[in-house]
Amino acid sequence: MERCGPRRGRVIMSLEGKVAVVTGGASGIGAACCRLLAARGAKVAVTDRDLPRTEALAREIGGHALALDVATQAANEAAAAEIEASLGPVEILVTSAGVLQRPLRAEDLPEADIHQVVNIDQIGTYLSAVAFGARMARRGRGSIVTIASISGSRGLPLHAYAPAKAAVIEMTRCLAGEWGRSGVRVNSVSPGFTMTPAMASAIQAGERDPALLEETSALGRMITTEDVAEAVCFLASEAARAITGIDLPVDAGWLVAPSWASYGGLPPARGNAA
Ligand SMILES: NC(=O)c1ccc[n+]([C@@H]2O[C@H](COP(=O)([O-])OP(=O)(O)OC[C@H]3O[C@@H](n4cnc5c(N)ncnc54)[C@H](O)[C@@H]3O)[C@@H](O)[C@H]2O)c1
């Protein structure tokens, strides 16, 4: 029988010696993933279109830095070839490169914003997954974690971003089927409202209200980048060896809370939690 004690847990959550690549790794959620992957023993390639910040984080965690703009197939293919030549076969890919969107009325959303969000968040995620995933599939081993969003599961005033994230959740399912027999698992993590540099500037610009972001979740709080990184590292590890094609929300219960409004709202805290 399999041992499930804490000792066994530490072993299967370990990422010792595995080569891991993170796109959009220089900031926010991607940076937290780089730090935790490195802390669990992975050899991390930090990639981002912002090279100075990529190099700074790679120095901090003892990783490898590479400039990568995920929006083109050629750049993703070149990055996969270069990283594998210098670090060896990639076993873990985390796709965190992405941009947020201003909440605008549909008729006010500029066409350029739609193209930018779809090109980076949706098409960029797909191109990265295919460049690295095809190599994993040929070797019969690997785990990909895409960063989607709770926006991909609900209607919101984010008319480009929410559909692009829904596409990430769906492409994750498609790729899980594509490469399942080749030993590659593909899952998505959907963060709730996470305090990152991108979120901080949206709050500063008056595009998000932090009090509302906290209030609308069951747990009554926002998400930290470390909360998301923990879920990513779990899905990337052997502990998740039978899990593929899922979307794991890390949202403090934002997806379950709003429907309570029809019954007068969430009940107040009981007992000592009050
Ligand atoms: N912050 C949130 O509340 C939240 C919630 C759900 C999902 N997400 C998703 O998490 C991911 C990370 O967001 P974040 O909040 O950490 O933002 P962030 O701005 O802190 O980090 C995003 C990183 O992606 C990089 N990037 C942007 N476009 C790129 C491109 N074309 N190629 C390569 N790198 C590129 C940026 O340079 C930046 O370093 C995004 O996919 C975002 O949609 C964020």
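Trainee: What should I know about the model and its numbering before I start?

Mentor: The model is predicted, so local features need pLDDT of at least 70 and side-chain atom pairs count only at pLDDT 80 or more, while totals for chains, interfaces and linings use all residues. Residues are numbered from 1 along each chain as its sequence is written, and side-chain values use heavy atoms, with hydrogens and water left out.

Trainee: Is Ser-190 buried or exposed?

Mentor: Buried means under 20% relative accessible area, exposed over 50%, and partly exposed in between, with a 1.4 Å probe and protein chains only. Ser-190 has a relative accessible area of 1%, so it is buried.

Trainee: Which residues is Ser-190 in contact with, leaving aside its neighbours within four places in sequence?

Mentor: Contact means heavy atoms within 4.5 Å. Leaving aside those neighbours, the contacts of Ser-190 include Ala-148, Ser-149, Ile-169 and Asp-247.

Trainee: And what is a polar contact, in general and for Asp-247?

Mentor: A polar contact is a pair of N or O atoms within 3.5 Å; within protein, one must be able to donate a hydrogen and the other to accept it, and residues adjacent in sequence count only if both atoms are side-chain atoms. The side chains of Asp-247 and Ser-190 are joined by one of 2.8 Å, and those of Asp-247 and Ser-188 by one of 2.7 Å. A polar side-chain atom of Ser-190 also lies 3.2 Å from the backbone oxygen of Ser-149.

Trainee: Where is Asp-247 placed?

Mentor: Asp-247 is in strand E7, which spans 247-250. Its relative accessible area is 22%, so Asp-247 is partly exposed.

Trainee: Where is Gly-265, and how do I read its accessibility?

Mentor: Gly-265 is also in the segment after strand E7. Its relative accessibility is 24%, so Gly-265 counts as partly exposed.

Trainee: How do I read a pocket, and what is the volume of the largest pocket?

Mentor: On a 1 Å grid over the protein atoms alone, a pocket is an open set of points where a 1.4 Å probe fits, with protein on both sides within 12 Å along at least five of seven lines; lining residues have an atom within 4 Å of a point. Grid points are joined across faces, edges and corners, and a volume is the space filled by probe spheres set on the points. Here the largest pocket has a volume of about 1100 Å³. It is lined by 49 residues, and those closest to its centre are Gly-98, Val-99, Leu-100, Tyr-161 and Ala-198.

Trainee: Which helix gives the most to that lining?

Mentor: Helix H7 does, with 4 residues. Among the other elements that give two or more are helix H2 (28-39) and helix H5 (111-139).

Trainee: How does the lining divide by class?

Mentor: Ala, Val, Leu, Ile, Met, Phe, Trp, Tyr, Cys and Pro count as nonpolar, Asp, Glu, Lys and Arg as charged, and the others, Gly among them, as polar. The lining of the largest pocket has 24 nonpolar, 14 polar and 11 charged residues.

Trainee: How many residues surround the ligand?

Mentor: A residue is near a molecule if one of its heavy atoms lies within 4 Å of it. By that reading 28 residues surround the ligand, and the closest are Ser-27, Asp-48, Tyr-161, Thr-194 and Thr-196.
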